[in-house]
Every structure is written in C-alpha cells, then in structure tokens.
Amino acid sequence: MRRIDATIRHHLSRARGGVVDRRASTALRPAVEALVGVVRALHRGGGVAVEADLADLRVAVDAADLDELAGNLIDNAARHARSRVRVAADRDGAMVRLSVADDGPGIPAADRARATDPGVRLDERGDGHGFGLAIVRDLAALYGGRLTLGEADGGGLVAAVTLPISAASGT
C-alpha cells in the first residue's frame with residue numbers, strides 16, 4: 001500500500017510541475033532485472049521466457065519513472081508474446097537504448113503511431129486501459145528521449161526507448 005501511495009504522489013507532483021530531476025541517476029541493470037523477475041512471476045505458467053541482456057549503465061532518470069517506463073514495456077511484451085521476450089540495453093553515444101522485443105503478433109506499421117495515443121487499445125483481449133505506451137512515450141520525452149516501435153527480428157514487436165546516460169556511468 002505504501003508503494004502505491006508513493007507512486008501516486010510522485011505522478012501527481014509531476015503533473016503539477018511537469019519537470020524532472022535532471023540530476024537523477026538510476027542503475028539500469030538492477031532496476032530492470034527486478035522488473036523482469038516481477039513479470040516472470042506474473043506470467044508464470046504462460047509459457048513465456050523473459051530474458052535480459054543489460055549493460056552495466058546508469059540512466060539520468062528517476063527510479064520510479066524508470067520502473068514505470070520499463071515495467072510497462074516488459075509487461076506488454078509478456079502479455080503479447082507467444083514464447084519469448086528479450087530485454088536488452090546498451091549505450092548509444094550520450095543515450096542508453098533499452099529495447100524490449102517479443103515474438104507475438106506485433107503491431108502493423110500503419111498502427112504504430114496510433115498505438116502510443118492515450119486510451120488506444122489495438123488488442124481488446126485481456127487487461128489494460130491503453131495508457132501504457134502513452135506513458136512510456138511521455139516519460140521518455142520528459143527526459144529528452146523517445147519511444148520507437150518496430151518489427152522484431154523473426155516477427156513480433158520491438159519497443160525501444162532512448163534515455164540519457166547518467167554522468168555517473170562514466171565515459
């Protein structure tokens with residue numbers, strides 16, 4: 001209950017000011033590996049393997065925002081995958097590229113831009129309210145990054161978000 005309250009307070013504060021802490025620094029690997037563990041537990045018995053290959057980097061993103069952003073991407077992928085989800089992150093200049101790929105049905109190219117609009121659900125099966133990708137898109141933009149959707153190798157969807165690397169990651 002405390003974590004839910006803290007999350008609500010965090011987002012309400014953000015909504016009032018629309019600013020982010022540019023000095024934030026969150027270790028990517030432990031944060032994302034923890035989310036992968038949660039998603040594995042949530043989808044246990046569904047026959048979906050979730051793998052992570054993460055560079056040891058820090059992102060200039062608040063920990064709660066990183067949890068929200070990466071959690072949405074990983075959970076979406078696990079819900080739509082047939083058998084596997086692959087989470088990867090590596091450095092790309094001054095940014096970190098976090099990608100989440102699944103082997104599910106994917107999203108047709110013509111629908112990808114619309115899929116990030118708030119409240120839009122392209123697949124009405126199961127839970128969801130159509131805000132996950134919009135939240136990811138908006139959070140990435142707040143930190144100077146962006147969300148892209150594409151076709152994963154072998155089919156499915158790859159959702160990739162770029163985030164600024166933290167100065168604590170070194171050069």
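A salt bridge is a side-chain nitrogen of Lys or Arg within 4 Å of a carboxyl oxygen of Asp or Glu. Asp111 and Arg114 form such a pair, their closest N and O atoms being 3.8 Å apart. The model is predicted: local features need pLDDT of at least 70 and side-chain atom pairs pLDDT 80 or more, while totals for chains, interfaces and linings use all residues. Residues are numbered from 1 along each chain as its sequence is written, and side-chain values use heavy atoms, with hydrogens and water left out.

The protein chain holds five helices and seven strands, taken as DSSP runs (helices H or I, at least four residues; strands E, at least two) numbered from the N terminus. Buried residues make up 42% of its 171 residues; buried means under 20% relative accessible area, exposed over 50%, and partly exposed in between (1.4 Å probe, protein chains only).

Four salt bridges are found in the whole structure, among them the following.

| Salt bridge | N to O distance |
|---|---|
| Arg86 and Asp53 | 3.2 Å |
| Asp75 and Arg79 | 3.5 Å |
| Asp111 and Arg114 | 3.8 Å |

Arg86 is partly exposed at 38% relative accessible area, and Asp53 is partly exposed at 45%.

Asp75 and Arg79 both belong to helix H3, four residues apart, about one turn of the helix. An α-helix has 3.6 residues a turn, so residues three or four places apart point the same way. Asp75 is partly exposed at 22% relative accessibility, as is Arg79 at 34%. Elsewhere in H3, buried residues include Leu66, Leu69 and Leu73.
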